[in-house]
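Subject: A structure for you to explore

Hi there,

Here is the structure I promised to pass on. Have a look at it first, and then read my notes below.

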Amino acid sequence: MVDTKVVLSGWEIDNPVIPASGTFGYGKEFSELYDINILGSFSFKGTTLEERFGNPTPRICDCASGMINSVGLQNPGAKHVLEKELPEMDKYFKKKVIANVSGFSVEEYAETVEILDASEKIGLFEINISCPNVHNGGMAFGTKPENAAAVTKAVKAVTKKPVYIKLSPNVTDITEIARACEDAGADGLSLINTMLGMRIDLNKKKPVLANKTGGFSGRAIFPIALRFVYQVYEAVKIPVIGMGGVATAEDVIEMMLAGATAVEVGAENLVNPYASKEIIEALPLAMEKYKINSLKDIIGGAHNG
């Protein structure tokens, strides 16, 4: 009997498979298709302090082996999530969840986390630092070590729950950002967020997305995400949640060998709503095939050769 359990900063989950924020909503629609309690956990819709309508449409387009989105963090705001969504979630998902948080200033990040921290349903915070810093000319918090560290410190000051910082791949040296977050007190890291991409409509001869560019995700970015996870694992001592193009049980194992403690499934959920379920069901067989008794034993295994 293989052991699929893993531990994220003291929180043991049944398996490492976690649907990624932005691809699973609050889980309700998926719970109508299958019992989502099979999941290790899930990261719910990215939440900001105030309600956001998001970017103008069109804001999603297909491309080979992936998709590009520019949804713009559409969400009902932190107080609504605390008072409505989290209590409702408890009816169909009995485990703790991951709260994905975004903000446009250091203060907003801290205030949003402080509001959501009141919910016992949240087991871990995942802080998206790809948002533009309105006090620094629109530059994303995740592109400079000092900005990433400032957000980390502010969030850690308002919660005792584990704080994982979600890193952007759109930087020169991701390990520099990772170390800055670790030094500032981060309990772990999530990577990677989407890459920047765009498509052009040949008939209209203009960008497909109203926002021109968006986040590129899907199977095509898996090798890139794997490389980032491998590099960051060597740079820090805190746990890593790996994501980016994960679509199979073999991808999960590969991510864990690169250094991930848990693995998030993103765009694949939008292609196949049963994707996370199927990956979990296939995981024990894949472990047996590759002679793996416990997933905890293989974390970072590719660094030992």
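To start with a question: is F24 buried or exposed? F24 is buried, because its relative accessible area is 1%, and buried means under 20%. Please keep in mind that this is a predicted model.

I then turned to the aromatic rings. A search of the whole structure gives six aromatic pairs. One of them joins F24 and F42: the ring centres are 5.2 Å apart and the planes meet at 50°, so this pair is tilted. The two residues are 18 apart and come from distant parts of the chain. F24 sits in the loop between strand 3 (17-19) and helix 1 (28-31), while F42 is in the loop between helix 1 and strand 4 (43-47). F42 is buried too, with a relative accessible area of 0%.

Another tilted pair is made by Y34 and Y274, with 6.0 Å from centre to centre and 35° between the planes. Y34 belongs to the loop between helix 1 and strand 4, and Y274 to the loop between helix 8 (268-271) and helix 9 (275-289), so this pair ties together parts that are 240 residues apart in sequence. Y34 counts as buried at 6% relative accessibility, whereas Y274 is partly exposed at 32%.

Ring pairs also link F24 and F42 with F30 and F93 into a cluster.

Finally, have a look at two arginines. The charged end of R59 sits over the ring of F53, 5.8 Å from the ring centre. For R227, the charged end sits over the ring of F228, at 4.2 Å from its centre.

Enjoy exploring!

Best wishes

Conventions. Residues numbered from 1 in each chain as written. Predicted model: local features only at pLDDT ≥ 70, side-chain atom pairs only at ≥ 80, totals over all residues. Heavy atoms only, no water. Phe/Tyr/Trp six-rings, centres within 6.5 Å; stacked < 30°, edge-to-face > 60°. Helix = DSSP H or I, 4+ residues; strand = E, 2+ residues; numbered from the N terminus. Buried < 20%, exposed > 50% of the residue type's maximum accessible area, 1.4 Å probe, protein only. Lys NZ or Arg CZ within 6 Å of the ring centre and 35° of its normal.
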